[in-house]
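Good morning, and thank you for coming.

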Amino acid sequence: MVEVTRRLLRTPQGALGAAVLAVVALVCLFGPLIAPYDPEQMDFLGRFAVPGAHHWLGADQLGRDEMSRLLYGARATVPPALLATLAGTLAGAIVGTLAAFAGGRWDEAIMRTIDAVMAIPGLLIALLVASTLGAGEGGALLAIAIAFAPGMARITRSVALAVRQEDYVAAAIARGETGLRIVFAEMLPNALAPVVVESTIRVAFAVMLMATLSFLGVGAQPPASEWGLMVSDGRGYLHDAPWLVIVPGLAIGITAIGFNLLGDGLRDALNPRGER
Amino acid sequence: MSPAWLLRRLLLMAYTLLVVSILVFAITQILPADAAVTMLGQDATPAALAALRAKLGLADPVWLQFWHWFSAVLRGDFGISMRTGLPVGPTMLTALSRSLLLAVCSLSLMLVIAIPLGVLAALRQGRALDLAVGLISYLGISLPEFVTATLVLVVLADRLQWLPATGYVPPSEHLLDGIRHLVAPVLTVSLVLIAHVSRMMRSETIDVLASDYVLAADLKGLAPPTVLLRHVMRNALLPVISVVALDVGYLLGGIIVVEEIFAIPGIGRALLVAIQNRDLPAIQAGALIMAATYAVVNLLADIAYAVLDPRLRYG
Amino acid sequence: MTTRRAILAGAAALGASLPLVRTRAATVMPVNGGTLRVSVDQAAGVLNPLLTRVNPEYLVSELLYSGLTRLRPDMTAEPDLAESWSADPDLTTWTFKLRSGLLFHDGSPCTSRDVEASFHTMLDPKTGSAARSNCGPIKDVIAADTTTVVFHLTGAYADLPVALAYTNAKIIPASIASGDMSVLARSANGTGPFKLVSFEPERQIVVERNPHYWDPSRPHVDRVEVLVYPDPTAEASALIAGDIDLIASVQPQQFGRLRTADGVTALRVPSGQFLNVNMACDAKPFDDMRVRQALALTVDRQAMVGFVAQGYGTPGNDTPLSPAYHFYRDLPLKGRNIPAARKLLAEAGYPNGIDLTLIASTDPGTRTQLAVAMREMAKEAGFRITVQTMPHATYLAQVWKKGNFYVGFYNMQATADAIFSLLYTSSAAWPETRWNNTKFDALIAKARVTTDEAQRKDLYGQAQMLMNQEVPSVIPVFFDLLAARRSYVEGYALHPRGAVFLLDQLWLGAKAPRRG
């Protein structure tokens, strides 16, 4: 673990990604402490205030301070997206690896069921699940996790199938190791690198999917300062107050880039071929 | 890839669609809405609602309702929209054809740009080109569609006035105008795809380049272009096919936002409208047709996978 | 002070805009021909004119079908299929005289039998038409001879000609009305100024001039293409680029941009369209009037016009009548008074404040903005409000007419009676607040049968004071209606009703582009 971290920070992407995400993490932890205003406090005269001395990042249609909303909003945005991805990845990776290892009929049965779920596009699943659960952050989180799981299972399986052909699994089987041990000690770690790359991309996707669900009215609830909600709220004023889209849009973009960079760094650091 | 294998896959696809039908039907059963209220609207009297519920068979056991619906679907009858009173099957198929047009254009543009871009970036790893490609793909992948769509709109339609801002004209009706209306949405959709796939292509190419058999080929003295074509492309394409197949799902469902902004009456928007209006037959038909399309594309991807990687044998 | 100015401005704008259009129409000769492209913000899914529910559907329905009367921008009735009408002295029997030689699109004659059958179908609860509860107290409709229709009412009703201009009170062939109505879901056979060419509810609806229309001087354009553009930003861009000629309804966010664009004329008219916060007066905690009054005292109404309507509106005073209504009563605008609100809340038994969940449908988006602004304004007085949004269909199925605390949104109605008895009387078609105030009911019932103008004004004035005092719902803001046209589109007056468009009256000026 320490070794991986050390190698991760040695790659330029990994170092940059870690730095970006460290800032994001700090904002999540301490944002509310450094925010200049209450993020929900309206100010009639300050509506659409241009970024400046009073409002560093401007103010929105209700005169709420954009900077404060951004700082508070990190908590409403990043942890849920991360959690949703983690849940979806974990579920998918386990199922995918099991399917690849089990092979034969079990593999078929599992993969056909997954195919069936996957045949319904992710956003549609998320939309239907969120519509059924009722609008809210929790529903959106679960919806994204469910939408991600089958795709992750499929990717994990295709990687694991290739891994399965490799010598060390054959060696483990020849050594007479039990199935579970092979899955967890040999296959999962080796299948991990591409899965990690994919799931870091998906954290960014998750942030955007959250935003999209908010855009379509089934995500975070106003007056939450969830970044996606801020973008979709601000979109109507794009021509008069472009910062209302640019500021939270950039925040989403930077966070997503951070996760992408970290993923690439991890990929290089975790590459099992590099070890040998 | 034997005929028997293909037949098996087709049977499995039918099974997939059966499972999807059950799933979709189940979801529409638990969606919080009252079909009778949806159909009669705000001014319905309780008596009229009760009469309609009886007529629709809403009091029947769920499995019987499913059977009525499913057997009609097998005959090609998806039912009547609760909102418009029009048959939903033909409506959804028309919508699908427009989404497919958008999808095919976006995928083609993506393939033409993303694969060479990814390979080039891998070959020039760490150099200026690689960094530029990386930056572009990071941006493309990290901006939500309604931001990119809005940027495309502001720049190409508002500022430069090169393209119409919104709307859809069938190319069959008016070729030139139809294409003009497609450019902005295709650009928006393919931006995300290009970013996604060129990243994948780059990382896979690097992987394969570093692998033993490329090194071996190098040792054998094969010319670099041959190595690139025979080994790198072929092996790197495998996961890319997987990702492209995944992206078709994104394309079919996820372009909802793009279809909404550019007013393309595709299946994504039709489904969104159906979900918002709790138009249950339209949701069922739309989701099932979408799933069928996806299943076909997936089958094609699996076939391609099997052709490209003979190591994989299906039990 | 501020109220007064706003009202005067509103009245002046309303008064000024109408004669202006008339003079123009009188001096500039309309030009015939051309194709009009008009955009709407959502699909016109329902084509059957008896069942339409949203503004884009009304727009299409109005092109294809006619009623007996139609609504002028000053909210009076003008003759349409009926050329004249009269009532007996006690206002319970009305006789409408149809024009002679009326034809449906398919060339078949339109007579009093079709009118009779259409109204029978509309009034049948099984049809589910909104016309049933919005066309006045009709008992029966009888065709006396081919061009004479008699309406028998259950009680006196002075507003019948205006009520019959209701959006869903359209005339369809008797054979369809008493036969299979489902053909109207995809085809149209009316007496309107245009005939249906093609119907793609999610993309575009095309109509062309009806050669059989009763008025040979209208319509002016040969063809109308109704385009569905769901994204307001893109819709505005399309008008600025000249892809379309008219936007039927513009969001406040886009208005500033359209006002300054070249070749575009932005249109604005004060209206009685409003947002409110509905409270169930028959359930805790709102059965205690003091809670409702306290909430009303937390609202800064002038600020609300800015927050929710971007300044394009008038503050509301907890009655559904805006200055745009004929019987509007100018009451002093309620101010924000937090100590008084706190005191009322404490008296009602909530000295430590109260927790509430305010539900807002996401359509239109201003509902959510009102809810969020309401939450912030009421916070200080001890209202701890959680905002919950939901898709419109879920809202209609679960909350509307059932919920205890939610945001409502309504078009301006043609008459004071129409809006009061739609929402606030005990027998209201949409009993959202269950206020059930007998004194109020009596005032409205009396005004309904009163013909003396001054007396009516007084009765409606008392009704407004009662609502202002007892607050069955908080009505903080009225919206101005906004639209925009290319400057070459002439003869178009933005209608304050919101559901009436009169596109047959406009024409394309010399600078209009030619479209094949």
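I begin with a helix pair: helix 7 (residues 145–159) of chain B packs against helix 6 of chain C at an angle of about 5°, and their axes lie 11 Å apart. Because angles under 35 degrees count as roughly parallel, over 145 as roughly antiparallel, 65 to 115 as roughly perpendicular and the rest as oblique, helix 7 of chain B is roughly parallel to helix 6 of chain C. The axes are lines fitted to C-alpha atoms, for helices over the stretch in contact, and the angles run from 0 to 180 degrees between N-to-C directions. Helices (H or I, at least four residues) and strands (E, at least two) are DSSP runs, numbered from the N terminus.

Before going on, I note that this is a predicted model, in which local features need pLDDT of at least 70, side-chain atom pairs count only at pLDDT 80 or more, and totals for chains, interfaces and linings use all residues. Residues are numbered from 1 along each chain as its sequence is written, while chains are lettered from A and ligands numbered from 1 in the order in which they are written.

Which residues meet in this helix pair? From helix 7 of chain B come B:Thr150, B:Leu153, B:Ala157 and B:Asp158, and from helix 6 of chain C come C:Thr233, C:Ala234 and C:Ser237. Contact here requires C-beta atoms, placed from the backbone, to lie within 7 Å. By class, this contact has three nonpolar, three polar and one charged residue; Ala, Val, Leu, Ile, Met, Phe, Trp, Tyr, Cys and Pro count as nonpolar, Asp, Glu, Lys and Arg as charged, and the others, Gly among them, as polar.

Chain B itself has 13 helices and zero strands. Of its 315 residues, 50% are buried, that is, with 20 or more other C-beta atoms within 10 Å of their own. Among the contacts in chain B with a separation of 6 or more, 69% join residues 24 or more positions apart.

Turning to chain A, 46 of its residues are in contact with 43 residues of chain B. Elements giving two or more residues to the chain A side include helix 4 (104–118), helix 8 (179–215) and helix 10 (243–270) of chain A. That side divides into 24 nonpolar, 14 polar and eight charged residues.

Chain A also meets chain C, with 18 residues of chain A in contact with 20 of chain C. Which helix of chain C gives the most to that side? Helix 11 of chain C does, with five residues. The chain C side has eight nonpolar, nine polar and three charged residues.

Within chain C, an automatic or database domain assignment gives domain 1 (4–17 + 31–225 + 488–508) and domain 2 (271–480). Their centres, taken over C-alpha atoms, are separated by 30 Å. The contact takes 22 residues from domain 1 of chain C and 18 from domain 2 of chain C. Helix 1 of chain C provides the largest share of the domain 1 side, five residues, and that side has 15 nonpolar, five polar and two charged residues.

How values were computed
Two residues are in contact if their C-beta atoms, placed from the backbone, lie within 7 Å. A residue is buried if 20 or more other C-beta atoms lie within 10 Å of its own, exposed if 12 or fewer, and partly exposed in between; C-beta atoms are placed from the backbone.
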